[in-house]
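User: Could you take a close look at one part of this protein for me, the side-chain contacts that join pieces of the chain? I'd like the charged pairs and then the aromatic ones, in plain words.

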Amino acid sequence: MTETVTIIGAGLAGSEAAWQLANRGIAVELWEMKPTQKTPAHHSNDFAELVCSNSLRSDQLENAVGLLKEELRRLDSLILRCADAHRVAAGGALAVDREGFSRAVTQAIRTHPNITVHEGEVTEIPSTGQVIIASGPLTSDALAKAIATRFAETGYLHFYDAAAPLVTFESVDMEQAFFASRYDKGTPDYINCPLTEEEYQEFWKELCSAEEAPVHGFEDKKVFEGCMPVEVLARRGEQTLCYGPLKPRGLRDPKTGREPFAVVQLRRDNAEGSLYNLVGFQTHLKFPEQKRVFSLIPALRNAEFVRYGVMHRNTYLNSPKLLNRYYQVKGEERLTFAGQITGVEGYVESTASGYLAAVELARRMQGKEPLNFPPETALGALALYISNESVSDFQPMNVNFGIIPPLGYRVKGKRNKNAVLSQRALDCLETLPV
Ligand SMILES: Cc1cc2nc3c(=O)[nH]c(=O)nc-3n(C[C@H](O)[C@H](O)[C@H](O)COP(=O)(O)OP(=O)(O)OC[C@H]3O[C@@H](n4cnc5c(N)ncnc54)[C@H](O)[C@@H]3O)c2cc1C
């Protein structure tokens, strides 16, 4: 019997890692602090909880996150399998029924014969054995402190992250809204809430001056560009939102036959279609202020908010200094990190790091050569970006084609070029003895 692996955190990365190790015959001791203790963004008792959006983003191969998902699918990822099984309509994106999705992941983990689940917070880094720390961007304070102390030399960083509110479908005034997908691509899955120029101006003014909730415990006021609160974006200029989350391009209001001045989009959040989230409306306004300001959107005048937006710390390591391409601590390879804490950004990226970390750890434990996922694959490129020592100002990163080596020949048109890059990645994957 081979050694066991202790995994801390049953989020996206931890669940994927546990599943991959267990499927390779390795016994896993999985520690999760829910339901006894929850981070400010986690609400459900299930594993692999989606803390904000229910979208795993684009499912098209011309998009890097679409490629990453396809690689994971072909490699039998648990997270992708459950996401595909609980998909809800969302145009060209893979969005899921968040409860059904997390329930399916939890069921698969809890019933796996090689996985033992322990409930409780881990407050120290285990001093012996193989360990994967996948405790996420909201790692509990005690463990975060232990990690910060242990890796004080290489640096332990953080920024802010924010979540968008949810409303009930029945409370949306469909007289003032219409179903459509941008440029009529795919099925008309989004609810579009149009605003006239006057309505927009009133909304924008109130949003800019609305009261924010106090955010405690953060000396450094960094805001992460990828998940910026809508009120922060609004303050950048009167028109900024019209080029961002309120962009009307490609959305024709059937009542007027024209593009409105601005549009707020709502995306379906569960399979029944009873809940919708406000796309791009991550926020940390005070809850009564969210209700007051977002109700200025005509279709949301009487909206029922079942969850308000929140803002949180997001913790990550200075990985280029600390980790190798297998997400293992250089010089102490029994310790592996996985998920957002490594500086990969996003649900799919966190899953991908959990997958790669587990597969390479399993190979090491079983005396096999590493797979060394090639840089042409999205999985490999992400791991190489995280562990690239020449990066000086390390920032969390979504997967993108910029971190994948170029083709070396010209292909006309960005979409065509991306499609060729994706095909090259999938061909590369075929050659790996996974
Ligand atoms: C507020 C917020 C909103 C976000 N929104 C999005 C989004 O819309 N789209 C997107 O793609 N990405 C989003 N992200 C980024 C990121 O993709 C998610 O945080 C993702 O869940 C990270 O996966 P993970 O597995 O690393 O961590 P998590 O999924 O957070 O899993 C970590 C698990 O570890 C547990 N845990 C923590 N500390 C301990 C401990 N000491 N002992 C035991 N268990 C512990 C937690 O309870 C949790 O279950 C968001 C992040 C935050 C913080």
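**Charged and aromatic contacts**

Analyst: Let's start with Glu-62, which is partly exposed, with a relative accessible area of 24%. Keep in mind that this is a predicted model. The side chain of Glu-62 meets that of Arg-415 in a salt bridge, 3.5 Å from N to O. That one links distant parts of the chain: Glu-62 sits in the loop between E3 and H2, while Arg-415 belongs to helix H12 (residues 414–430), 353 residues apart.

The loop that holds Glu-62 also carries Asp-59. Asp-59 pairs with Arg-73, and their closest N and O atoms are 3.2 Å apart. Here the partners are 14 residues apart, with Asp-59 in the loop between strand E3 (55–58) and helix H2 (64–74), and Arg-73 in helix H2 itself. Arg-73 comes out as partly exposed, at a relative accessible area of 25%.

Another charged pair is Arg-110 with Glu-119, whose closest N and O atoms are 3.9 Å apart. Since the cut-off is 4 Å, that still counts as a salt bridge. Both ends are partly exposed, Arg-110 with 44% relative accessible area and Glu-119 with 48%. Over the whole structure, the search turns up 20 salt bridges.

Now for the rings. The count of aromatic pairs comes to twelve. In one of them, Tyr-200 and Phe-261 have ring centres 5.6 Å apart and planes at 55°, so the pair is tilted. Tyr-200 is in helix H6 (residues 197–209) and Phe-261 in the loop between helix H7 (230–234) and strand E12 (262–268), so this contact ties together parts that are 61 residues apart in sequence. Tyr-200 is buried, at 0% relative accessible area, whereas Phe-261 is partly exposed, at 28%.

Phe-287 and Tyr-308 make a stacked pair, 4.9 Å centre to centre with 20° between the planes. They also bridge distant parts of the chain, 21 residues apart: Phe-287 is in helix H8 (residues 287–294), and Tyr-308 is in the loop between strand E14 (305–307) and strand E15 (311–317). Phe-287 has 42% relative accessibility, so it counts as partly exposed. Both rings are members of one aromatic cluster, together with Phe-203, Phe-281, Phe-294 and Phe-305.

Terms used
Residues are numbered from 1 along each chain as its sequence is written. This is a predicted model: local features need pLDDT of at least 70, side-chain atom pairs count only at pLDDT 80 or more; totals for chains, interfaces and linings use all residues. Side-chain values use heavy atoms; hydrogens and water are left out. Rings of Phe, Tyr and Trp (its six-membered ring) pair if their centres lie within 6.5 Å; planes under 30 degrees apart count as stacked, over 60 as edge-to-face and the rest as tilted. Helices (H or I, at least four residues) and strands (E, at least two) are DSSP runs, numbered from the N terminus. Buried means under 20% relative accessible area, exposed over 50%, partly exposed in between (1.4 Å probe, protein chains only).
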